[in-house]
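Have a look at the structure first, then follow the points in order.

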Amino acid sequence: MEKGQKIIILISIVIIGITAVVIAAISPYAFEEQCKQKAKEILNNLYSIEGGKEAFLRSNSQGLLSSEGKGDLQNLKNVISQCPNLKPMPEEQLGIDLSALNIH
């Protein structure tokens, strides 16, 4: 093999290695952001279906959610179970205190 080809191969290996490290470092953050976006989307839909945040919280605490609201709440529970970092997240970041939803 020529010296030039060896250098190109070594540089390629270094670039691939650096790319792998960067992806590994960014992936958890990107997944958490995706979880937050999905949870916010579901919450906004729940608020819309149930007539606003306060009406949703009241209906949920009384067990009076519409069937569509119950389905969205189950979707939210699924997202939270897949994204455990959402549970301790402050209300300011997510838009609701998840402890108020009695999600375990």
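1. Let me start with the cover over helix H2: the elements that cover its buried residues include H1 and H3. Helices here are DSSP runs (H or I, at least four residues), numbered from the N terminus, with strands being E runs of at least two. Buried stands for under 20% relative accessible area, exposed for over 50%, and partly exposed for what lies in between (1.4 Å probe, protein chains only).

2. A word on the source: this is a predicted model, in which local features need pLDDT of at least 70 and side-chain atom pairs count only at pLDDT 80 or more, while totals for chains, interfaces and linings use all residues. Residues are numbered from 1 along each chain as its sequence is written, and side-chain values use heavy atoms, with hydrogens and water left out.

3. Which residues of H2 are buried? They are Ala-55, Phe-56, Ser-59 and Asn-60. These residues cover an arc of only 130° around the axis, which puts them on the same side of H2; the arc is that of the directions from the helix axis to the C-beta atoms. Glu-54, Ser-61 and Gln-62, on the other side of H2, are exposed.

4. Now for the packing of H1 (residues 3-50) against H2 (residues 53-62): their axes come within 8 Å and cross at roughly 85°. The axes are lines fitted to C-alpha atoms, for helices over the stretch in contact, and angles run from 0 to 180 degrees between N-to-C directions. H1 and H2 are therefore roughly perpendicular to each other. On this scale, angles under 35 degrees are roughly parallel, over 145 roughly antiparallel, 65 to 115 roughly perpendicular, and the rest oblique.

5. The residues that meet are Leu-46, Tyr-47 and Glu-50 from H1 and Lys-53, Ala-55, Phe-56 and Ser-59 from H2, where contact means heavy atoms within 4.5 Å. The residues of this H1 and H2 contact divide into four nonpolar, one polar and two charged. In that grouping Ala, Val, Leu, Ile, Met, Phe, Trp, Tyr, Cys and Pro are nonpolar, Asp, Glu, Lys and Arg are charged, and the others, Gly among them, are polar.

6. Tyr-47, in helix H1, counts as buried at 14% relative accessibility. Tyr-47 and Leu-94 are 47 residues apart in sequence and 14 Å apart in space, C-alpha to C-alpha. In the loop between H1 and H2 you will find Gly-52, which counts as partly exposed at 23% relative accessibility.

7. Do look at Lys-36, a residue of helix H1. Is Lys-36 buried or exposed? Lys-36 is buried, with a relative accessible area of 10%. Neighbours within four places in sequence aside, Lys-36 is in contact with Leu-86, Met-89, Gln-93 and Leu-94.

8. Also in helix H1 is Ile-9, which is partly exposed, with a relative accessible area of 39%. The C-alpha atoms of Ile-9 and Ser-66 are separated by 61 Å, and the two residues are 57 residues apart along the chain.

9. Finally, helix H3 (residues 67-82) has 16 residues and reaches 23 Å from its first C-alpha to its last, close to the 22 Å expected at 1.5 Å a residue. The expected span is 1.5 Å times one less than the number of residues. Gly-69, Asp-72, Leu-73, Leu-76, Val-79 and Ile-80 are buried in H3. Seen down the axis of H3, its buried residues fall within an arc of 115°, so they line one face of the helix. Their cover includes H1 and H2, whereas Ser-67, Ser-81 and Gln-82, on the other side of H3, are exposed.
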